[in-house]
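This briefing concerns the pockets of one protein model. Please look at the sequence and the structure before reading on.

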Amino acid sequence: YFFIATILGSLTNRLRTKESAIRLRESRIVSLYNFSQLLARSHTMKDIVKATVNFIDESLEAKCCIILKDEKENLSNEVHEDSNLVLTEKEKAVALWTFKNKKPARRFTDTLPLSEGYYIPLLTAGNAIGVIGLVIKDNEKLTLDKEALLQTFTSQIAIAIERIYLGKTKQRALMLEESER
């Protein structure tokens, strides 16, 4: 009897562990789906930044800022106005390094470990179009699941921002074509 109870207890414990892992995975997938839908409905840069800031605040409990490239293809000196994170000059330098090197930089790593936040380049087809900066609540280290989710979020954000840039480029080309006529 004791042997059977031990085996059943062990199997029940494994089942509960797998169930919680599946629930966590499901919540991440739903979160990503909702974020993708939100970005798909965003038609301006302001909408995209607002959606990103709110979503990251809710899902990762982090303050967030977005810095985009300027007309000269350099990283702007200003954080987007709808961001909820203000950067110091030191943190802006980390964001600039991230933009130029197209690599994440953050606390708890060998890459600029003295920074307060976590900076990820917004990449599309190898081109950096900006940087997203985060400061996690209580300066905690992100779990591997949350880090993977964040990487997916940044890919979605970069695609949405590139969509806006391409729309503006198309408008300029149409205006130029019309002016030539």
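The model is predicted, so local features need pLDDT of at least 70 and side-chain atom pairs count only at pLDDT 80 or more, whereas totals for chains, interfaces and linings use all residues. Residues are numbered from 1 along each chain as its sequence is written, and side-chain values use heavy atoms, without hydrogens and water.

**Terms**
- A pocket is an open set of points on a 1 Å grid over the protein atoms alone, where a 1.4 Å probe fits and protein lies on both sides within 12 Å along at least five of seven lines; lining residues have an atom within 4 Å of a point.
- Grid points are joined across faces, edges and corners, and a volume is the space filled by probe spheres set on them.
- Helices (H or I, at least four residues) and strands (E, at least two) are DSSP runs numbered from the N terminus.

**The largest pocket**
- The volume of the largest pocket is about 440 Å³.
- Its lining holds 16 residues, and Lys69, Asp70, Glu71, Tyr165 and Lys168 lie nearest the centre.
- β1 (62–68) and α4 (144–180) each supply at least two lining residues, and α4 gives the most, with 4.
- By type, this lining has 6 nonpolar, 3 polar and 7 charged residues.

**The second largest pocket**
- The second largest pocket holds about 170 Å³ of space.
- Among its lining residues are Ala21, Arg28, Asp145 and Thr152.
- α1 (2–40) and α4 each supply at least two lining residues, with α1 giving the most, 6 residues.

Technical notes. Nonpolar A, V, L, I, M, F, W, Y, C, P; charged D, E, K, R; others polar.
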